[in-house]
Amino acid sequence: MKHGQASILRPEQETYLDRLLPPRDPLLREMEEQGARENVPISDPEVGKLLGILARATGARRILEIGAAIGYGALCLARGAPEAHIVTIDKDPGRLATARGYLERAGVAGRVELIEGAALDVLHRLEGPFDLVYIDAVKTEYRRYLDLTLPRLRVGGLIVVDNLLWGGRVAAPPEEDDPDADALRAFNGYLMMHPQLQSVVLPLGDGVGLATKIKPTIMEMGGPY
């Protein structure tokens, strides 16, 4: 969820954009309320909307999500791409069980594969190619997620990364007690300069990175050389 009122945009801008969002259906509202009540880090509604739009616009057939939580992102992706198979990872069995319940109620559980485990352990076992990757898990591990998923993403595929502005703190001077902000600050530079990607960071929600893969990695071409 957002790190605080007006942490990215001015209050009047944030209020205006919130009012523009169409009403969510009762199931998404229930998930949002549970996330707020139990402090579960689900995607912001506008980010969920973006996920659905991108999944539909790209015609994605295989989608990878790192950080399932209670299934909010997976549901938005599944609704946006009605033909897609979605693989989503989370290390919390309780949250995965909750996600499964929501996805079953939404009628999309048959297309969503829930994998329990730490993402850095699971990603090595997955085979590509994926059309779209959504990253929203342990912030200090974002760079490793990108390194592991990029060879499994098709050329032309999309990577979406949440929380890149971290309540605006990535733009502030570094602090000793904020390793997440430090890691995200470093990751943002890595994302923007990566030779296999064209990338942008958008002030949407808590900051969303959007990148498309423009050429194969060295590993895909048979390297390292």
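So, what lines the largest cavity? Pro41, Ile42, Ser43, Glu65, Gly67, Ala68, Ala69, Gly71, Tyr72, Gly73, Tyr134 and Asp136 do. A cavity here is a set of points on a 1 Å grid over the protein atoms alone where a 1.4 Å probe fits but cannot get out, and lining residues have an atom within 4 Å of a point. That lining splits into six nonpolar, four polar and two charged residues. Nonpolar is Ala, Val, Leu, Ile, Met, Phe, Trp, Tyr, Cys and Pro, charged is Asp, Glu, Lys and Arg, and the others, Gly among them, go down as polar.

Quick caveat: this is a predicted model, where local features need pLDDT of at least 70 and side-chain atom pairs count only at pLDDT 80 or more, while totals for chains, interfaces and linings use all residues. Numbering runs from 1 along each chain as its sequence is written, and side-chain values use heavy atoms, with hydrogens and water left out.

Now the pockets: open sets with protein on both sides within 12 Å along at least five of seven lines.

Leu28, Gly48, Lys49, Gly52 and Cys76 are the closest to its centre, out of 16 lining residues. Those divide into eight nonpolar, three polar and five charged.
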